[in-house]
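Hi everyone, thanks for coming. Let's walk through one protein chain together, from the overall fold down to a few individual residues.

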Amino acid sequence: MQYNFDEVIDRSNTGSIKWHYEDDTIPLWVADMDFKTAKPILDSLQQVVDHGVLGYTKQTDALYQAIINWHSSRYGLSLTEEQILFSPGVVPSIALMVNLFTEVGDAVLINDPIYAPFVAKTKLNGCKAISSPLKEINGRYYFDLEDMEAKIKQHKVKLFLLCNPHNPGGRVWSEAELKTVLELCKKYQVAIVSDEIHQDLTLTGHTFTPFLNLAEGYEQMVVSLTSMTKTFNVAGIKGSLIFAKDKALLKQISNQQRLNDENELNMFAYSVMRSAYESGGPWLQQALAYIEKNIDFTIDYLATHLPDMKVMRPEASYLVWLDCSAYADDDKGLSDKLREAKVELNSGIQYGNEGHLKMRINVACPQSILTEGLNRVKQALV
């Protein structure tokens, strides 16, 4: 089936977080796409509704097999049913992992810039968020391993929250880089929680490595988090996965989930997850091809109209990291200029100090919308 990603779908007056504006502002910010999701997913939801009985639902063998097959065939990640736990979302799982691996007052290592809930959930759980800035070299982010080790030693870090692929920079960390991080954490017995929600959005020329593929001998200290929600644009269907390979750790996680009743999903989430992993591949392939064209279009547009803008080409996801320092002096002023031009991007400073005078733009939308949004960015900054 051929999908039409140029189709403009009116999302106003739907309760959409992204399209909540009362004027004609173009939102190129929060990480959901403006594309209709895969037909097999929509069909599976319709089948649930047509059945007419919306009762209590549990995971099925077919659902587990769909998850296992997807991750094995794409990433060589071998899983069993016992190694798979369900969660309402990756962010709740991050909070749960901070609670599981730390005590109040402990230090958690986080890179900068980073997805904002890493810091928020760490602090809300009574821990100290210790920042290690990433190094930017030739338009790519790299770990500063010397700084990470110094911070681990100084603050007696108990947990490292890894974003793989990285948000907002879009780096797909190489196997060699991840092995180096693993060895560092093993040296100081630091637990590792890897947020891998953007794994399926890895772009051409890059290879995603699941952290659990490297963790042999350290499985008792490694957990991976992922979801179908970003992959298939179904964020409104809450559901995610927790992977671990150590039996004792899995029992700890499961017990912690039960304390807050965070171990079950609703029937729609189970249905979407199964149909996505069983039949969503063709849609994803087409969506990624369209997204890559939009990334190229964005980079070319900015090079022509805002030549002093520094653009970090993503290796995964539809989120592009922009350095606007040539066009603004302060973060609030930068955001205000864009809002006045009726275009909304994510302010970089919310991702940490390294996000100063940077913005994150979401290009997963019909190119007609993207073009108008970029025209407004130009209008605001020229």
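So, starting with the fold: the protein chain has 11 helices and 15 strands, where helices (H or I, at least four residues) and strands (E, at least two) are DSSP runs numbered from the N terminus. Please keep in mind that this is a predicted model, in which local features need pLDDT of at least 70 and side-chain atom pairs count only at pLDDT 80 or more, while totals for chains, interfaces and linings use all residues. Residues are numbered from 1 along each chain as its sequence is written, and side-chain values use heavy atoms, with hydrogens and water left out.

On overall dimensions, the C-alpha trace spans about 60 × 55 × 35 Å along its principal axes. The radius of gyration is 21 Å, which agrees with the value near 21 Å for a compact globule of 382 residues; that radius is taken over C-alpha atoms, and the globule rule is 2.2 Å times the number of residues to the power 0.38. Buried residues make up 56% of the 382, with buried meaning under 20% relative accessible area, exposed over 50%, and partly exposed in between (1.4 Å probe, protein chains only). Of the contacts with a separation of 6 or more, 74% are between residues 24 or more positions apart, a contact being heavy atoms within 4.5 Å.

Now, the pockets. A pocket here is an open set of points on a 1 Å grid over the protein atoms alone, where a 1.4 Å probe fits, with protein on both sides within 12 Å along at least five of seven lines; lining residues have an atom within 4 Å of a point.

Which residues lie nearest the centre of the largest pocket? They are A31, D32, K230, A235 and G236, out of 42 lining residues. Helix α3 (residues 90-101) gives the largest share of that lining, 3 residues. By class, the lining has 21 nonpolar, 12 polar and 9 charged residues; Ala, Val, Leu, Ile, Met, Phe, Trp, Tyr, Cys and Pro count as nonpolar, Asp, Glu, Lys and Arg as charged, and the others, Gly among them, as polar.

The second largest pocket has about 280 Å³ and 18 lining residues, with Q59, N263, E264, L265 and Y270 nearest its centre.

Let's zoom in on R360, in strand β15 (residues 358-362). Is R360 buried or exposed? Buried, at 4% relative accessibility. Leaving out residues up to four places away in sequence, R360 touches a set of partners including V30, A31, N167 and P168. From V30, R360 is 330 residues away in sequence, yet 9.1 Å in space, C-alpha to C-alpha.

Finally, some backbone geometry. Most residues other than glycine have a negative phi, and most peptide bonds are trans. Here, the bond from N164 to P165 is cis, with omega near 0°, and the bond from N167 to P168 is cis too, with omega near 25°. P165 sits in the loop between β7 (157-163) and α6 (175-187), and P168 lies in the loop between β7 and α6 as well.

As for positive phi, S317 is near 85° and is buried at 5% relative accessible area. K342 has a phi of about 60° and is partly exposed, at 34%.

Conventions:
Grid points are joined across faces, edges and corners, and a volume is the space filled by probe spheres set on the points.
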